[in-house]
Amino acid sequence: QVRLVESGGGLVQAGGSLSLSCAASGGTFSSYDMGWFRQAPGKEREFVARISRSGGMIYYAASVKGRFTISRENAKNTVYLQMNSLKPEDTAVYYCAAARNAMSPKYDYWGQGTQVTVSS
């Protein structure tokens, strides 16, 4: 069982930056692709970014490409999401997730989420 704990959320003004972290425990971190998702009030959860277990393959949603950067440190069992040029529409609860199968969009473990609020 993998446990994921996000941190780093908060309140920031539009144009500002935030860095999220997700610490994993209970499994072999380097065996999982990791992803970030978000869910805004009244909306469905949406994909933000994904990084392969080696870090060699990275994918972004079009809405965040060029502004957000996903990275990971396998030695620290941690995945990061650096968010720059934040917009009010980035306001959401951000979740990290772990996927066992590199060829599947399915994620097996989820964190509890961290709130990001961007004021205009």
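Tutor: Welcome! Two strands count as paired if DSSP finds at least two bridges between them. Keep in mind that this model is predicted.

Student: In the hairpin of β5 and β6, which residue takes a positive phi?
Tutor: Start with the pairing: β5 and strand β6, which covers residues 58-60, are joined by three bridges. That passes the cut-off of at least two bridges, and the sense is antiparallel. Six residues lie between the strands of this hairpin, and the one with a positive phi, near 85°, is G55.

Student: And in the hairpin of β4 and β5, which residue takes a positive phi?
Tutor: Strand β4 spans residues 33-39 and strand β5 spans residues 46-51, and five antiparallel bridges join them. This hairpin has six residues between its strands. The residue there with a phi near 75° is G42.

Student: Which residue is the bridge partner of A23 in β8?
Tutor: Strand β3 covers residues 18-25, and six bridges join it to β8 in the antiparallel sense. Strand β8 covers residues 78-83. The bridge partner of A23 in that strand is T78.

Student: Is T78 buried or exposed?
Tutor: Its surroundings come first: beyond its neighbours within four places in sequence, T78 contacts several residues, including S21, C22, A23 and F29. The relative accessible area of T78 is 9%. The cut-off for buried is under 20%, so T78, at 9%, is buried.

Student: Which residue's backbone oxygen does the side chain of T78 reach?
Tutor: T78 belongs to strand β8. Its side chain comes to 2.7 Å from a backbone oxygen. That oxygen is part of K76.

Student: What does S21 touch, not counting residues up to four places away in sequence?
Tutor: S21 is a residue of strand β3. By C-alpha atoms, S21 is separated by 19 Å from G56, which is 35 residues away along the chain. With nearby sequence positions left out, S21 touches V5, E6, S7, W36, T78, V79 and Y80.

Student: How many residues apart in sequence are the parts that C22 and C96 tie together?
Tutor: The structure holds one disulfide, and C22 and C96 form it with their sulfur atoms 1.9 Å apart. Both C22 and C96 are buried. C22 lies in strand β3 and C96 in strand β9 (residues 92-99), so the pair ties together parts whose separation in sequence is 74 residues.

Student: Which residues have the most contacts inside the largest nonpolar core?
Tutor: This core has 30 residues. Elements giving two or more residues to it are β3, β4, β5, β7, β8, β9 and β11 (114-119). Those with the most contacts inside the core are L4, M34, W36, L81, M83 and Y94.

Student: At 28% relative accessibility, what does N77 count as?
Tutor: N77 sits in the loop between β7 and β8, and its phi is near 55°, a positive value in a residue other than glycine. Buried needs under 20% and exposed needs over 50%. At 28%, N77 therefore counts as partly exposed.

Student: What is the relative accessibility of S85?
Tutor: S85 belongs to the loop between β8 and β9. Its phi is positive, near 50°, though the residue is not glycine. S85 counts as partly exposed, with a relative accessibility of 40%.

Student: With which side chain does the side chain of K106 make a polar contact?
Tutor: K106 is in the loop between β9 and β10 (109-110). Its C-alpha atom is separated by 28 Å from that of K87, 19 residues away along the chain. The polar contact of the K106 side chain, at 2.8 Å, is with the side chain of D108.

Terms used. Residues numbered from 1 in each chain as written. Predicted model: local features only at pLDDT ≥ 70, side-chain atom pairs only at ≥ 80, totals over all residues. Heavy atoms only, no water. Helix = DSSP H or I, 4+ residues; strand = E, 2+ residues; numbered from the N terminus. Buried < 20%, exposed > 50% of the residue type's maximum accessible area, 1.4 Å probe, protein only. Polar contact = N/O pair within 3.5 Å; in protein donor to acceptor, adjacent residues only side chain to side chain. Contact = heavy atoms within 4.5 Å. Disulfide = S-S within 2.5 Å. Core = buried A, V, L, I, M, F, W, Y, C linked by side-chain atoms within 4.5 Å.
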